[in-house]
Each structure stands twice: as C-alpha cells, then as structure tokens.
Amino acid sequence: MRRIWNCYCLEVRLLMTNLIYWAANLIGIAYMIVSMAVNKNSVLYEPCQTLTSSAYLVFAGIFAFMVLGFYMVRIEKANYCDEIFYSLPKGFSSKIISKILALITGVIVFTLLFTIEIYISYAIAKVEPIIYWKSFLYIILYLTIPFIICGFIGMLLALTIKSRASYSLMIILWILLTSSNELIFDVLGGITRGRGTKLLEKMAFFFNIGQTDISLSYQNTYGFPLEMQRWYIKFFMLSLLLFVILFLVVSKNYNKTKKPKILITIIFSFIIGFNVYGFMLPTQVLKTNDVSENPGWDERDYYIQNREANYANEHNFNIKAYDIKLSTIHQIKSETKIDYIITEETDNLVFTLFHGFRVKEIKNSRNEYLDFEQKGDQFKIKFNSKLSKDQEDYIIVKYEGNSSAYYFANEQSVFLPADFPWLPIEGSYNAFTFVDTFSTTILTTPLNRNKETKYKLQYKGPKTLCTNLNKVNKDTWEGTANNGVTLVGGMMKEKKIGEDTIYYPVSINNIDKALNEYIEEGQNIRKQIEKDLEYKVDNGNKHFFVDIPKDYFLSVNLLNFKDHIIIDESYLNNVHNKISKEYLPRQIINSDVINIENYSKDITYLLGYAYEYWYNLRFTNIEIYNILEDNIENLKQLMEWDKEDLNKCKQIEKEIRIRESVKDYIDKNKDDEKKVNNFLKKWFREMKDNSNFTSDNLEVLLNEEESR
Amino acid sequence: MSMNNIVIKNLNKYYGDFKALSNISLEIKPGIFGLLGPNGAGKTTLIRILATLLPCEYEEMRFGELNWRDGESIREILGYLPQKFSMYKNLSVEDALEHIAVLKGTSNVDEEVNRCLYRVNLAGERKKKIKALSGGMLRRFGIAQAIIGNPKLIIVDEPTTGLDPEERIKFRNLLKDLSRDATIIISTHIVEDIEAICQEVAILDKGQVLITGTIPELKRTAENKVWKVKLSEDEYRNMPSSLETIRSTYTDDGYEIRLLSENTIKRGVKDEPTLEDCYLYTIKTKGHKVG
C-alpha cells in the first residue's frame, strides 16, 4: 500500500503540474461559462437544459480523457524511465494502479469544478433541491464514468499497442464511443441493406458512453435520462476495462504465478456478471431520441403492419371498477382486479391492452385460471359457459412489459395518459392508428371510454406521482373517472390556484406568473367558446402540463378527459413567464370533437383551426397567429414535396380549397360575429352528431351558409 | 558451482520468427561481468531479459536460489540502469530517488537516499531538477537509483556511452567500488571499459555467445595473431586491403601498424594481444561462422 500511495501521490503531482491537463480543464469550464453567458435565459428558466447542453463538452472530453489515460501510461516511456520502474519489485503494478487512481482523481477534479459551476447557476436560478440531486447523478453518469472509461481505454491502448496505430485507433474509438457512432452503424446498415437494423441500433446505443443525442434538448417530463440500463452498460464497460488492465498488470508482475490471476478473474467475473445480468434484464422503455418530435419508429412500423384490431368489437360488457397494483420499476408489472358487468350474453370478453404488455395469467373470482388469447393490442378471455346479461364478477389480470416510446413508464419517469391502454379496457381497438392520408403519421387512438368507473391504485415507481385520482395514503390513490386514469410520475411539481390544481415538471423554472395567466386566460377562452358555440366546455380542474408527443401536421396539444386535462408543456413559455394562449382555442375545440370514430380524419382538426383563426381575428394579433393561413401554406408545401403523387396532390388540393373557402367565409363575414358563430356552431354540432362528417359535408354547409 | 553464481542455460529469445538470442549459456561469478559485442549483437536483449523486462525461453536461469521464473524475487535484489535513461523532468533529484526508494521497499528512505547521493557524488545537486542535470550527472543519478536498497545484482547497459573521458573513468571507479557488495553485469561495445573493470567477459555476436572467460583467458585466444609492423608512408598507402588493421599510429618514421593475422607478417614483430585484439579476432573468426 505504501508503494501504491507514494506512486499515487507522485502521479497526482505530475497531473496537477501538467499544463495540458489544466488547459483542457479551463477550456471545459470556460465553454460552460460562455454558453451560460450567451444563454442567460436558459440558466434562469431552463436550468436543466444548461446541463444537458454540456453534451458537446462530453463529446470533446471523451477524446481528451482518452488521450490523458494514454499519456499517463506513456509518460515513463517518454521520460526514458519505464524500464527502471518496471524492473522494480511490484513496480509495474504499483505504477499502473496508481495511474488508475490518479486518472480517477483527475476526472473527479474536473467534474467537481463542473458541478460547482452548474450548482452556482442553479443557485442563481433558485431551482428545486431535486434538480441538484438528479444533476449530480447525471454528471456521474455522463461525465465522470464516461471520462474514466475512456481514460482506461487510453491506458489500455498505451499498454498493449506500441505502434503509432494507437493514435488512429483512439480517433476510431472516439467516434465509436460517442453519438457520432451512428455514422459507423449507418454505414454498416447500408452494407447489410437494412438487415439487422435493430441490432445495429442497439449496438450504437451500447457503445455510446456520452449523451444519446448530442443535440437533444432537455425533456421536461422525462427528466434527465438516468435509466438503470445506462448505469449497467457503463459499469459493465468500467469493470471489464478494469479487469483487463489489472489482469495485464498481474500477468506482467507475476507471469508464472496463477493465484493472483485466478483471484482477479473470480472477483471480476462476479462484478461483470452482475452488470451483464442487469443489462440483459428485459429492456425497458429508453427515451433515446426526441420522440416528441419524431414518432417512435417501433410503433410506426408496428401499426403499418397491424392496422386493424384482431377481434370484432362486441360491446358485451362494461367495467365497473379497477383495483390496480402497479410497479414501473424497470418495466411495467401490474396485477389488476377488474369488476365487470355483462351487458349481452356471451362466452368471451375482449379487452384492449397495449401489445408491449404481455398478459401472464388471468384468474376469475373462484381463483381459477382462465384461458385467454393475446393478439396485438387485444386479449380475449374464453369462458367455459355463457355469461348471462347483468351478471357481475371480477377477474384478476397479471401483465408486464414495456410501454410505448410515446408513453413511457420506467424507474426514471412515467407518462401514461388516460386514453392509452395501459390498463385493460373493454372492447377491441388499436392503441395507435396509422393514418395514411396526405399527412402520413400514426396517432394515439383516443380511447375515451366515457363510462363512470371506480379506481383504486397501489403504485410503486418514480415519485412524485400525479394522477386524476385522489391520494389516500403514501402509495395508494382512489377515485371515480369516466375516461380513464392518467399517471405522470417523476420530477413533477404541484401548484394550486383557486379550485384548480396544476401539475408541471419541476424543471420548468420561474413559471408562477404563466400558470396564473393560464388559469385566468384559459377560463376566458373557455367562456368565449361556450358563448360562441353554445356548449359547455368541461375539463375538470386538474391540469397536467407534460410533453405530449407531437405529430408533424396534426398536432394534438391538449387532451381533455373531462375530469382532467393534459396540455403540452410547450404552452408554458417560461422564458417570458407567460402562456402561449393564442393556440388554446383550437386545442380546446379539438379535444372536444375528437373521438375514436372520427379521429383519423383531417377534417376534424379543421374546425379547431377555423375557430382559432376566428378567435385570434377578434382578440389577438392575427398577423402573428394566423393558423389557418399557416395550415394552407403547409399543405401547399406538402403538395410541392409530393408533386409526383397525383392522387395525393388531388386530395391535398381539395383540402387547401376547403380551408381557403372557410377562411374566405370568416374574412368576408368578420364584422357579422353572429353569422360566423352560427356557421361554426352548426359545423361543431354536425361533427359531434355525425362521425362520418367529411369535407364534402363541410362544403355543403358552407354553400348553405353562403346562400343565406 | 557457487551458490552465488548466475547460471543461464540454453536461453533463446524470439521476436516473431527472428531469433534474437540463441542457446545462450553463461555462468556469472560475483564481481563485474562484461557483455561485449557490436551493435545488434543481442546485448541489450539479454540485459533486458536479466532485468525481468522481457520474457524468453530457457532451460535454467537462476541467481543462487532465486529463479527468473519468479520475476518478483529477482526484482527484489535488482538494481538496473538501462542504456537510455532519464526521469520525470520536473522532479528534483532527491524527490525522484525518494520515490524509487519507496518503490524498492526501503525502510529508511531519507537515510538511503542520502547514502546513495554521497556515493555517486550528487549530494550537492539534490535539489536540482532532473532536466537541469548534465549527461554525466544523469548517469550518476542512474547509478544512484540502481544502488538504492543495496541490490545484490546490478545490471548496467552501455553506461559510459556519451560520457567524456573524465566522467567515464569516474564511472568505472564507481562500478568497481560497488562490485565489492554486488554482482555487476555491464553491457558495452566499448572494450576499454570492460578491460578496465571486468573480471570475466562474454563476447556476443548475432545473438550467440562467441566466447566467454576471464580477460587473460580471452587474451590468450589471440596469442601469436597480433603483429606490429613499421611502414613508410608509401608502403602504408599501398598496403593490401586484405590485411586486418587494428590500429595505425603516425610516428616520425612513418606508420606503426598493428595487425591481426594467422600468418607471419614480413618485417612484422609479434605483439602482446589486448582484449580489443581478442574481441576483433573473435568477431572476425567465430562471428563470421555464426553469420
């Protein structure tokens, strides 16, 4: 120990008097200071973004610390004293072990300076204590451990490769170990002509020890990506590298003695085995890219292949109550008791449950196992005898698996909206719908059941949990809801304004004024809609601000489940501490019109656009918020892109024409408020009454109104 | 066979397909042992093997009861000064020696460092940084680090290369002094160094030991082969190139030439062979056979 300690002190002394090390440190720290100075607003209002923007620094740091590790091993060679040390008793092992410790010290010094810098910015922004803790973990996961890993790699290269090939290898490894490794795997994907893409993606994810996407902005709802798998991968790499280095050291020092080698192999086999076990556990949802902007490709591919539900929709039972035991650690595990009542005699019941969850067993009230068949997003229970009308009973369904890349649930964060079938619901539907119209996309099917149901939830997962149910005790929630249960767990915060409760991500900083404004303006807009369209806007008094996955053209930024609403957090413009109220009218309307039958029709959304245009024409600056015109321009652009697809162009042309007609009508009659309101009111009612309402119906309606 | 001898039997070293050392067998007695040979003969390879830095194949390799199979036991009694040597540039002489003393497991570090500094006459330079040392000082520092902990085996590779004559003499004396307590193996291509301090010598060429023995024994191998002849300037210029000239000295009467020859040289006088004569004779005769 005395030897190692003395070597360690010397190595640290050499490191701390090394100008290049300090120059690299200062460049890193200066980069963060400059980026904070340039983005002052980000420091104050998006403090977590300040930290994730360090991805570029990590990218450079991975190379810098690899070079440092390499240099630390080669320093004796450069000073012509390597042979002296390696001919001393335990000289090689003492030197290498002390270098490992010195490298770790060097990394810790750097990350400590970095942490202090970040914490100062947090203190200025007055962030919540949880952000300090999560940031600490983030720094360990994305700076400290990766820098140690690449330092070890540099050391290993210096120990094993004597030629100059090691320099080129360092650059190749730099690419492989950062997000730029996609370049390598894209090329490999090209060579394999798309075969094994999933495996290549997994490999790219595995080898990237920095941030998954260097340009990815901070996801307020998801928080810092700190999933267990990322830790396992990094600890696996760390322990494997440490094992190889120590094995080399022992082999060199005790080249003919087996005992130390066996000892090291046994110890590290346990450590590496543990990490491999952790890594091999069933994969959880990893929010590896910005799915809010780019839909999860897995879902897209799946719903292109599976456009229809697997069973007929028989409406033969209703669910009266759920008693849910739910864990979202690693992946979802649920044991749910479902009380049902039969509405039509049947010998089978079909439920909808997202296909990522696999049903393990189903028992009836007599504790007997029931036969079932799970296909895609549905499972069917077959009973031995007929279930008669009005018969009431319960089943217990055990299922587990991964939720969607859109709607995640793991130990990191949870976002399971009420219209996503994370709970088995009656009927046969697909969780998502592939829409192959002029704006090809997939959308969440709005599975609003509209049936009063009792819920009891016992939850184990990321704290804090926000839900439309009422908290009974530490881990239990209860309540009655018509349209399902929303769960949002993780770095969330609660604020009460009058009767309303707002749940929003902790990371949205300095937002009090905007939240007050949201409640006030939201009420004003709702009142105006109620007045204009003569209907009651009912959205309860629980408001969840989360990051709703958005599709390119048909953005759904507000989901109304009557007892609570989910609204996209981008509406909170915390840089200006205000709400982007101009877009609210459309969202409120859309959330009321959209239902499972008309969901995929673009025409559904046009009403929202039209009303928003009409609202902003009267109450805000239409030059800035002319959504209808923007929408027409977008469609023209789309037509330009797809000009070779004549059928599609024809369809888009029709959509443009109808939008222009609506806009012309509103423009022409803007001084006659009653007339425009009347037109919109009729349109709204017809859409609510007729799920097959099309562009043609709208044209007829327009013509009728024009002729008045 | 003394228990303090170093015994090497059938040592072979390969670099890939290249055989760098071939069937080396030596018995090195306490004192100073010289490894002599031209550049590329395999001296440094053998030295590095002895310093436990390179693995190799051998039938037997031991120092008394210590075996090279247990490298750590050899390192415990080893002091090594490689051919190309320096230390961390910004460390002081004292700090660097302290570091090595700790690594060698020395119990009283300060005392030992002091002793070594005085022994190599570097006590006045203890605070100097390594980068500020002259070539001679650096070599002395090299010896200082090698003798820390009183090693029983000291190995020095080309220790006098680049030293001026005065430093070289000092260095030889230092090694002679150290040989009282340790076995010293010195590798060099400078015959003068070997002749001045070694008791026994092995001549290596092309990875093989050509000859080994005491210096008088080696000298005897070249007996009756060394000739001295005086030539005029004209004769010297027209001298046949086939004659193996060892040395030529310009005198008032022309040139005094020292030659190696198996045959009688006309007007030549037999001379007492030196180690250099023996070395050149051995390389010329046995070395060619090896090649």
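1. How much area is buried between chain A and chain B, and what share of it do carbon and sulfur atoms give? The area buried between the two chains is about 2700 Å², and carbon and sulfur atoms give 58% of it, where buried area means the accessible area (1.4 Å probe) that two parts lose on being put together, summed over both. Of the area that chain A buries against chain B, Tyr80(A), Glu83(A) and Ile84(A) supply 23%, more than any other three residues.

2. This is a predicted model, in which local features need pLDDT of at least 70 and side-chain atom pairs count only at pLDDT 80 or more, while totals for chains, interfaces and linings use all residues. Residues are numbered from 1 along each chain as its sequence is written, chains are lettered from A in the order in which they are written, and side-chain values use heavy atoms, with hydrogens and water left out.

3. At the interface, 28 residues of chain A are in contact (heavy atoms within 4.5 Å) with 30 residues of chain B. The count of salt bridges between the chains is 2, a salt bridge being a side-chain nitrogen of Lys or Arg within 4 Å of a carboxyl oxygen of Asp or Glu. Arg13(A) forms a salt bridge with Asp95(B), with the closest N and O atoms 3.0 Å apart.

4. Chain B is divided into domain 1 (6-77 + 152-216), domain 2 (90-141) and domain 3 (220-290), with bounds that come from an automatic or database domain assignment. The centres of domain 2 and domain 3 of chain B, taken over C-alpha atoms, are separated by 46 Å.
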